[in-house]
Amino acid sequence: MTAPNVAIVGSGPSGFYAAEALLEQHPTVRVDILDKLATPFGLVRFGVAPDHPKTKAIAKAFERTAENARVRFLGNVEVGKDVSIEALTGAYSAVILAHGAAAPRRHPLADAGLEGVIYASDFTRWYNGHPDGQSLALPSGAASVAIYGMGNVSLDISRMLMLDSQELAATDITEDALRALRREPVQRVAIVGRGSLEQAKFSAPELRETARIAGWRPVIAREGLSERDRALLEGHVTADDSRAQQNLEVLKEFVWATGQPREVEFRFGTTIEGVEGSGRLSSVLLRDNTGQMSTEAQLLVLSIGQVVAPVPGLPLDESRGIIPNAWGRVLSLDGVVIEGLYVVGWAKRSSAGTIGSNRSCSRETIANLLLDLGDDPTDPRQRIVGWKDLYRRKAVDWNGWKRIDDEELARGRAAGRSRVKITSRAELLKIATAENRRSALPERNKKDAI
Amino acid sequence: MTIVVTENCHKCRFTECVDVCPVGCFRLGDDMVYIAADDCIECRACIPVCPVSAIYDSDDLPPHLEKWVGINREFADLLPAATARLDPLPGAEERRQTLVSLS
């Protein structure tokens, strides 16, 4: 009889909160956190914008969990490729899917094949140094940029385009992105959304940050506003919910758009109907309540949310872009609970909410998992063995990540930057395994559980 | 910018904030909780959940509450972490109703 073991697929916030809840609520459970990359923390590393170091400090809380003796980090192990879901569910008491929503929600505007039409995650992965996202090339001479979608990711992208390169240089933005943004200073940014002012999903502090960037004027397009939007801006009525009202207080300080350079324009109630250009984007076609018009743009960033990337052997609710589930218990497409399989984070509830939203989300799933596991602190089921070889051959353990971390911080210190991210998989692996890997398994303080 | 707990928490200590904090930055005093600024990532998840509106971003702090920035800093260093939600202090609900009627 051995202690139950749980595999968590993905080491972003939802995965780490799941691990934290398991450790708190079960006396003996052992936890393996798998990630397809050699580096942990998911969107804390590849999503949170470089100019938000305070938010990235959340990683300190996750480090405490990772360094618990009952936890192992197994980086560079890709589920669905290096190891199948079936093999995982056979080897662990429970498997928790925490792999997020890694694929952009597709939009037909991207299908025209024009250079200069990209998804937000292409852009965020690029400036955040994701190993799979370094091939992006900003179109040269992108003076006007349109961002489609009105959430905090759109604001992150706007800041990266608008901030002075001196300010960006101190952050952990990749050197490629820094050079490109310095070479191609943007003159106009338009944040375009179909919804009304109250439907915009910004949070007010982020909205204020974009509004206060030196050298830029925050403006609102008159076009596209509804009667109610105007009444809200003029203070005749108040918004229905507090988030909208807080956004409104920021937006009230904006002036009307004039089309001059160095304006960041918020354009509500507007659909982007088409893209124009030969080979590369030159303008976008907008439609609002006053009709259709064409406006110049050399770069269009589609910031309309993320969906779960398909994994062989996993059910997928394609319309919602999530793994079908009931309070974290994974369901087949027929709605039947799949034993031993659980889901947390964006894969469970779609791409919305702040990092902290994952805490209660993961706790809900873990409560159900522990209920299913029962009171017995041991797991009576026979476990398939034969994994050690994979882990020994391929996995990057926590010490491996710490070597990467130390190296990146050292390069940062040398360059007067907070961190210099390493973006090549080969180099990451080389650094992670720099010390002779004589020790058989990635350590979980001595004994392994598989 | 810092997030701080202010006087409305005193003798209430509802601890909804502890429940939503993603980094465990609350510190537990006998009469109220405080925020350890070094651990706080300024996500603001705690601000809207406080039943007595005791938590502020220091940028939005009314002048008469400004002293709380220093008080949080001072006490956070001395106190243990609040790890889980607790029952409010006795009389908290009555105090909350008074505070709400005053606002």
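Between chain B and chain A, the count is 1 salt bridge. Let's start there. Keep in mind that this is a predicted model.

Who makes that bridge? Lys54(A) pairs with Glu42(B). Their closest N and O atoms are 4.0 Å apart.

Now widen the view to the whole contact. Chain B gives 12 residues, and chain A gives 11 residues. Together the two chains bury about 980 Å². Of that area, 47% is on carbon and sulfur atoms. Which residues of chain B lose the most area to chain A? They are Pro22(B), Val23(B) and Ile41(B). Together they account for 47% of what the chain B side buries.

Next, helices inside chain A. Two packed helices are described by the angle between their axes and the distance between the axes.

Pair one. Helix 1 of chain A covers residues 13-25, and helix 4 of chain A covers residues 59-66. They pack at an angle of about 45 degrees. Their axes are 10 Å apart. Helix 1 of chain A and helix 4 of chain A are therefore oblique to each other. The crossing of helix 1 of chain A past helix 4 of chain A is left-handed. Which residues touch? From helix 1 of chain A come Pro13(A), Phe16(A), Tyr17(A), Ala19(A), Glu20(A) and Leu23(A). From helix 4 of chain A come Phe62(A), Thr65(A) and Ala66(A). By class, this contact of helix 1 with helix 4 of chain A has 7 nonpolar, 1 polar and 1 charged.

Pair two. Here we have helix 7 of chain A, residues 152-162, and helix 10 of chain A, residues 204-211. The angle is about 20 degrees, and the axes are again described as 10 Å apart. So helix 7 of chain A and helix 10 of chain A are roughly parallel to each other. Their crossing is left-handed. Helix 7 of chain A brings Asn152(A), Leu155(A), Ser158(A), Arg159(A) and Met162(A). Helix 10 of chain A brings Glu206(A), Leu207(A), Glu209(A) and Thr210(A). The residues of this contact split into 3 nonpolar, 3 polar and 3 charged.

Helix 16 of chain A meets helix 17 of chain A at about 110 degrees. Their axes are 7 Å apart. How do they lie, then? Helix 16 of chain A and helix 17 of chain A are roughly perpendicular to each other, because angles of 65 to 115 degrees count that way. Helix 16 of chain A passes helix 17 of chain A in a right-handed crossing. On the helix 16 side, the contact uses Gly400(A), Arg403(A), Ile404(A), Glu407(A), Glu408(A) and Arg411(A). On the helix 17 side, look for Glu427(A), Leu428(A), Ile431(A) and Ala432(A). This contact of helix 16 with helix 17 of chain A has 4 nonpolar, 1 polar and 5 charged residues.

Last stop: back to salt bridges. How many are there over all chains? The count is 39. Take one of them. Arg417(A) and Glu175(A) join through their side chains, at 4.0 Å from N to O. This pair links distant parts of the chain. Arg417(A) sits in the loop between helix 16 and helix 17 of chain A. Glu175(A) belongs to helix 9 of chain A, residues 175-183.

Key. Residues are numbered from 1 along each chain as its sequence is written. Chains are lettered from A and ligands numbered from 1 in the order in which they are written. This is a predicted model: local features need pLDDT of at least 70, side-chain atom pairs count only at pLDDT 80 or more; totals for chains, interfaces and linings use all residues. Side-chain values use heavy atoms; hydrogens and water are left out. Axes are lines fitted to C-alpha atoms, for helices over the stretch in contact, and angles run from 0 to 180 degrees between N-to-C directions. Helices (H or I, at least four residues) and strands (E, at least two) are DSSP runs, numbered from the N terminus. Angles under 35 degrees count as roughly parallel, over 145 as roughly antiparallel, 65 to 115 as roughly perpendicular and the rest as oblique. A crossing is left-handed if the near helix is turned anticlockwise from the far one by less than a right angle, and right-handed if clockwise. Contact means heavy atoms within 4.5 Å. Ala, Val, Leu, Ile, Met, Phe, Trp, Tyr, Cys and Pro count as nonpolar, Asp, Glu, Lys and Arg as charged, and the others, Gly among them, as polar. Buried area is the accessible area (1.4 Å probe) that two parts lose on being put together, summed over both.
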